[in-house]
Amino acid sequence: MRHTAKTLLAIVAVGSVVALAACSGSSSETTPDGKPHGEVVVWDYYGSATPLKPAIADFEKQYPDVTVKYEALDYETMQDKFSVAVSSGAGPDLATLDMTWLPTYAANGTLQDLSQISGGNLNGKPISDQYSQGALDAMTYDDHYIAAMYDFDAYALYYRKDILDQEGIAVPKTWDDLLTASQRMAEDTNGDGKPDKYAFQLLPDTFHYAQLLFQNGGSILDESGDQAAFNSTAGVSALDYMKQLLDSGGSIYWGESQGDSTGLPGIKDERIGMFINGPYMMGVLKDGAKDQSGDWAVAPAPYSQQPGSYLGGTGLVIPTGAKNPTAAWALAQFLLQPKQQALVYTAAGAAPATTAALEQPALRKPDPYFGGQRPFPIFLKAMSTATHFPYVATWPDIDTAITDAVNSVLLGKASAQDALDQAAQTADGKLGG
Amino acid sequence: MTWRRAGLYAALVVTSVAMLVPFFWTLSTSLKRPEDVFAPGQWLIPKPLSLQGYRDVFTLLPFPRYFMNSVIVTVAIVALNVVFDTAAAYAFAKLRFPGRSVIFGLLLLTLMIPMQVNLIPLYRLMVWFHGFLPWFGIDTLAGIVAPSAVQVFGIFLMRQYFAAIPDSIIEAARLDGAGELTLLRRVVLPISLPGVATLTIFTALSAWNDFLWPLLVSSSDASRTLPVGLALLSRKNTVNWADTMAGAVVTAIPMILAFVLLQRRFIEGLAAGAVKDT
Amino acid sequence: MADATASEVRLPPQPRAARSGRLPRGRPDRLRRKEAAVGFLLVLPVLITTTLFFFGPMVFSLYWSFTNYNGLTAPQWVGLQNYADLLGDPLFLTACRNTLVFALVTMSIGPALGLGSALLLNRPLRGRALFRGAYFVPVTTSLIVVATIWKMLLNDQGLVNQILSVFSIPGHDWLTDPSTALFAVCAASIWQGFGFETVIFLAALQTVPRDLLEAAEVDGAGVLRRFWHISLPALRPTILFVSVVGVIGAFQVFDQVFVMTQGGPLESTTTVVYYLVNRFRALDLGHASATAYLLVVVLAVASAAQMRLGRSKP
């Protein structure tokens, strides 16, 4: 027993040292002349379709003094690993993070100040000139940059052009259009009262509710950022509209239980004829639904008062405790050059984030999968009117509260006003505490 | 009697199929082309058959490396647990020493604490170890093995198993002058082989399938285990089901084989031999 | 090999009365001290490793449960505030309720199914190894894969509904309906887990004294009587093990929920550990740790009660 007590004491001592070391986060490889050198550890969550990995050899050629240690991670578990490692002082120098994870990390001081590291410049030009305003807002926390956006996510309408044409339905531009179009397009082949062919995919999450909220002129939090505002008239009528879409018989409720959030199973068996989602779905369709090539087209998402969307994507970040931020930023800049940015599209099937990259001819070519349409400019336009989620530490809780409100209304358990009021109360509690 | 027997077999066949359906589905999905995974009308029978999933598993990843890492980790964990868990379990079940039940109760606490809250302190410990022991701590196989080297689950399992052995057998051997270790090795273990087999199977399974801890600890191919490596086949936002299921099949097969071999050797061997002998 | 060593052991006939579990009193002190020393020695490696890899980290997480801590900045002492917050959080209370339902449902069905199939598979049957293999396959598959498959089986167009429609039973979106989602998760867990219990009971059944069974059969005792009076008492330590470990595992359910439902719909499947992981992901290590220790207290009481019950005579 005495032995145990001794060991226990030793552990406590050891642990405190480790904890202290982790907190100090000293930079061991400061670069006196500012020239990047040494090792850069990169964590990448793109998986087998990574646009980062192919760029690294070129980077090392250009920066012979820098060695890149590339570590592949998977998207699903990246957050856990990142949190544990960074809090233990063993995080990477550069990492890809989903922009929707940033609120938690930013508010807890997990990310380094990129304004300071970069001096405000990206590849020799001001950062502020190289992104859309929405993107810049999303990259900013507490008046400084915390991430450099690498790919972006903003929503547009995907629709089965062949079916729309066949039925003589015009491409929906407003909420009312979408309601009638989905009603006319959807079929109930087995007569159970629910559509099972060519329906509109209704995703009951905060992303899709937020889009309608923004289009209605509403916002998630008020100006001050410490009070919920989504239970405004704009918010209630947005949720009422979602419910209307479902009740009108033109939509299919696509919850977590469907097994695949992209909707691919429903796209394959043609239960889904229309959906609203981000540019990454272009890649999903091309890989997963080759047989429907030429059937799909993309249009700006229908709106009520003004175009709007949630804005997300992938950010390149330098976490607290990074040992080589200088070289990390050099690599980040390299990855954000137009040539490397194009890989986001060609390798990962997603949308690069810098304005220069989006101007490239490769991204403006007619796309045979979409019947010769040029889908990129549509997403670009969506990005220009998109808004990021608020940067508050408790965002995951607020997200859950909103998702619950949306689901309880869609499942017929509560009215939009009641559900949102309750969610707002939860959110206010989280914001206050 | 024959009717009852037929009914018994029917029940066994039906339940066995129910147990196997998901595995068949895994197998069939692994043999589909990625674009056919959700194609209507081929829920169980892929058409055309495609080995693309398996090709990806073997070519996109350093599969032999991951496989070997998993084998090393699993063998090490099983060996350590069989030795240490059994020894401790014997002490808890059959030896009297002060504080026995208190210590055992404390050990049980380690089962009750959700591992997620201990991840950060444990990870920091591993970072610290790695600072002066290059072969230990983060990004090493030893670092993956260490927290599982001894498992209270195994001690508990074996303790309950030993508890069922009549004390009179042990007392008889003691009277013959056998020391405790000899007793454990020559008397207790041989009649506990089914228990040891069970311990081996479950330790091997948990080591082989373990995901979260190896994921946190490993950061290069040198220490990545199979489940962690296979997770890299998925992409951001989408899952390649054919690849994932091919990975699941490849991971499950060694364990199914191990089970079939072990249950023959221990459970049936013993049932046929030892106990009847008396 | 097993046969050779085992047959060296002369198992004396076992009168049931001798299996009282207490060692005879009055052994010389020297022997007792030696026994204690050996006991310590055998337990020591376990103590060292668990101290290093479990109790050490637990000291930290226990401390954090009384602080406000995000993993980066220094923890701030808040006393019992985190615990009070939890007990006042309706979501946490929902999580407790769901976890309790999950534990009750899975623990009342799983072990019984496991024992039943072990008894079945312990009989001399043709193709027994094959059936045992089949029951074990779900256990070998990782929980995440199992949960994914079940999600596919249970959704609107899944196999379960297709089979039901053959019998003209209307399908149901099991995982979307808040009133059925938790039970769907239970079903998947039982399906995956009872093979585990089957194997443990199968191994334990081998320790049932066969001569007693045979003697009872000669005396004309029926299957049920033999089970009740001979097999069941011999299985008691194993039953205790399965129920203690099972309850602990059930209270820690996470993977199935994470993959199948993400805690939804409408928090109907949010469990305590799911709640904990969400706090952890929000870098709220104070509340995450407090959740863990509340769970530990509940489980410690439950396990102690089970152990006590297991020790007393039926």
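What follows is a chat about a predicted model with chains A, B and C.

Visitor: Let's start with chain B. How many helices and strands does its secondary structure come to?
Guide: Chain B has 14 helices and zero strands. Read along the sequence, its pattern is α-α-α-α-α-α-α-α-α-α-α-α-α-α.

Visitor: And what does the C-alpha trace of chain B span?
Guide: About 70 × 70 × 30 Å along the principal axes.

Visitor: What percentage of chain B is buried?
Guide: Buried residues make up 56% of its 278 residues.

Visitor: What share of the contacts in chain B comes from residues 24 or more positions apart?
Guide: Such pairs account for 73%, counting contacts with a separation of 6 or more.

Visitor: Pick a helix pair for me. At what angle do H3(B) and H7(B) cross?
Guide: Roughly 50°. H3(B) covers residues 63-94 and H7(B) covers residues 152-163. Their axes come within 8 Å.

Visitor: What do you call that arrangement of H3(B) and H7(B)?
Guide: Oblique. The angles from 65 to 115 degrees would count as roughly perpendicular, and those under 35 as roughly parallel. The crossing of H3(B) past H7(B) is right-handed.

Visitor: Which residues of H3(B) and H7(B) meet?
Guide: From H3(B), they include Asn81(B), Asp85(B), Tyr90(B), Phe92(B) and Lys94(B). From H7(B), they include Gly154(B), Met158(B), Arg159(B) and Phe162(B). By class, this contact has nine nonpolar, three polar and three charged residues.

Visitor: Now the neighbours. How many residues does the contact of chain B and chain C take from each?
Guide: It takes 83 residues from chain B and 78 residues from chain C. On the side of chain B, helix H13(B), residues 241-272, gives the most, with 13 residues.

Visitor: How does that side of chain B divide by class?
Guide: There are 62 nonpolar, 14 polar and seven charged residues on the side that touches chain C.

Visitor: And how many residues of chain B are in contact with chain A?
Guide: 28 residues of chain B are in contact with 33 residues of chain A. Helix H5(B), 119-132, and helix H11(B), 212-217, are the elements that give two or more residues to that side of chain B. The largest share, eight residues, comes from H5(B). The side of chain B that touches chain A has 18 nonpolar, six polar and four charged residues.

Visitor: On to chain A. What is the strand order in the sheet of six strands?
Guide: E2-E1-E3-E15-E8-E16 in chain A. The sheet is open and its pairing is mixed. E2(A), 66-72, and E16(A), 351-352, stand at the edges. Each has a single partner strand, so one side of each is left without a neighbour in the sheet.

Visitor: How do E8(A) and E16(A) run?
Guide: Antiparallel, joined by two bridges. Asp151(A) stands opposite Pro352(A) in E16(A).

Visitor: Which strands does helix H13(A) lie across?
Guide: E1, E2, E3, E8 and E15 of chain A. H13(A), residues 325-335, runs at about 55° to E1(A).

Visitor: What about the sheet of five strands? What order there?
Guide: E11-E10-E12-E9-E13 in chain A. This sheet is also open, with mixed pairing. E11(A), 251-253, and E13(A) are the edge strands. The twist averages 30° from one strand to the next.

Visitor: Which helices pack there, and which strands do they touch?
Guide: H16(A), residues 376-384, touches E9(A) and E13(A), and its direction makes about 30° with that of E13(A). H10(A), residues 233-247, lies across E10(A) and E11(A), at about 140° to E10(A).

Visitor: How many residues of E9(A) are buried?
Guide: Five of five, in residues 156-160. Ala156(A), Tyr158(A) and Arg160(A) are on one side, with Leu157(A) and Tyr159(A) on the other.

Visitor: What are the bridge partners of Leu157(A)?
Guide: In E12(A), the partner is Ile276(A). In E13(A), Leu157(A) stands opposite Ala299(A).

Technical notes: Residues are numbered from 1 along each chain as its sequence is written. Chains are lettered from A and ligands numbered from 1 in the order in which they are written. This is a predicted model: local features need pLDDT of at least 70, side-chain atom pairs count only at pLDDT 80 or more; totals for chains, interfaces and linings use all residues. Two strands pair if DSSP finds at least two bridges between them. Helices (H or I, at least four residues) and strands (E, at least two) are DSSP runs, numbered from the N terminus. Two residues are in contact if their C-beta atoms, placed from the backbone, lie within 7 Å. Axes are lines fitted to C-alpha atoms, for helices over the stretch in contact, and angles run from 0 to 180 degrees between N-to-C directions. Ala, Val, Leu, Ile, Met, Phe, Trp, Tyr, Cys and Pro count as nonpolar, Asp, Glu, Lys and Arg as charged, and the others, Gly among them, as polar. Angles under 35 degrees count as roughly parallel, over 145 as roughly antiparallel, 65 to 115 as roughly perpendicular and the rest as oblique. A crossing is left-handed if the near helix is turned anticlockwise from the far one by less than a right angle, and right-handed if clockwise. A residue is buried if 20 or more other C-beta atoms lie within 10 Å of its own, exposed if 12 or fewer, and partly exposed in between; C-beta atoms are placed from the backbone.
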